[in-house]
Amino acid sequence: MIKHFLSLSSFSKSDILSLIDRAQFFSVHQNQPDKINHLLKNKIFANVFYEPSTRTRCSFEIAAKRLGAEVVNFVPENSSVKKGETVYDTLKTLESLGVDGIVFRHSDDRVFDDLHQKFNLPLINAGAGKFEHPSQGLLDLLTLQQEFGKLEGLKIAICGDVKHSRVAGSLMVAAQMFNMEVYLCGPDALLPHPESSNIKKASLDDILPKVDALMLLRIQLERHESLELNAETYHKQFGLNSERLSQMKKEAIILHPGPFNRGVEISDELVEHSQSRIFKQMSNGVFARMALLEWATK
């Protein structure tokens, strides 16, 4: 059976925990290549990114190489896409050339709806449209599990452009799975209507003292001119600064999927604060994606 990784919602809680356990294994043994660098030897993955990416694309490539696999990085701007080739034909070409899995990012919300049924190799969602970014969701869960030793019942605030964030989308799927309480904060125009009882809108300043983690999201101010918010105004109303941090529990952590805008959603001096796990998330991205690539092709 072909194993696609398209959405966290298609996995059971036990499946997700198994992937987290495997990712933690890779984290613990990262400096022991003899334990891991043979696991996907002779496999070839294609990174197919129709949108810009730093963390996701690079971490998938590093993950594959740490497992002994090879990687082909497909760049649409330098390909037959410029000659009118369709997404399907591009992916079918890579399948015909013999890759063992495709890591795929695209701006289309519904790009995976029918696509996965047409291929005999794993497709891995590296971010599609604004709905889900499941591998980011997995690394976020790994980070929370490492920090708190559990996922059940955690309280998490998500602040920023939640409505258009695939990162938030995957985290909200996980929240329902693990009975987390999620609080959505930010400009009301950028918050979706909560669709479950454990997801609620909240004032950032009211909820900060109660949460275990604060997930900050980048506001794409260039796409939201109607908000009449500039960077300085947004930071004052919704950004994390030292004063707001002092209201959080000492054991609470700061998360951000990146890229982050210093001085907008987070003060410059807090990016590497002792309560920040932003760069830890990036490290965990490699381990989570190692677990995914192994699962998909074993």
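Student: Which residues of E3 point one way, and which the other way?

Tutor: In this predicted model, Gly 101, Val 103 and Arg 105 point one way from E3, while Ile 102, Phe 104 and His 106 point the other way, and all are buried. In a regular strand, the side chains alternate between the two faces of the sheet.

Student: What makes strand E3 mostly covered?

Tutor: A residue is called buried when its relative accessible area is under 20%, and six of the six residues of strand E3 (residues 101–106) are buried, so this strand is described as mostly covered.

Student: Why are strands E1 and E3 said to pair?

Tutor: Pairing requires at least two bridges between two strands, and five bridges join strand E1 (residues 44–49) to E3, so the two count as paired. They run parallel, and Ala 46 has Ile 102 in E3 as its bridge partner. E3 also pairs in the parallel sense with strand E4 (residues 123–128), over four bridges, and here His 106 stands opposite Ala 128.

Student: Why do strands E7 and E9 stand at the edges?

Tutor: The open sheet of five strands has the order E7-E6-E5-E8-E9, with parallel pairing. Strand E7 (199–201) and strand E9 (253–255) each have a single partner strand, so one side of each is left without a neighbour in the sheet.

Student: How do you know that E8 and E9 pair?

Tutor: At least two bridges are needed, and three join strand E8 (residues 213–216) to E9, so the pair qualifies. Ala 213 stands opposite Ile 253 in E9.

Terms used
Residues numbered from 1 in each chain as written. Predicted model: local features only at pLDDT ≥ 70, side-chain atom pairs only at ≥ 80, totals over all residues. Heavy atoms only, no water. Buried < 20%, exposed > 50% of the residue type's maximum accessible area, 1.4 Å probe, protein only.
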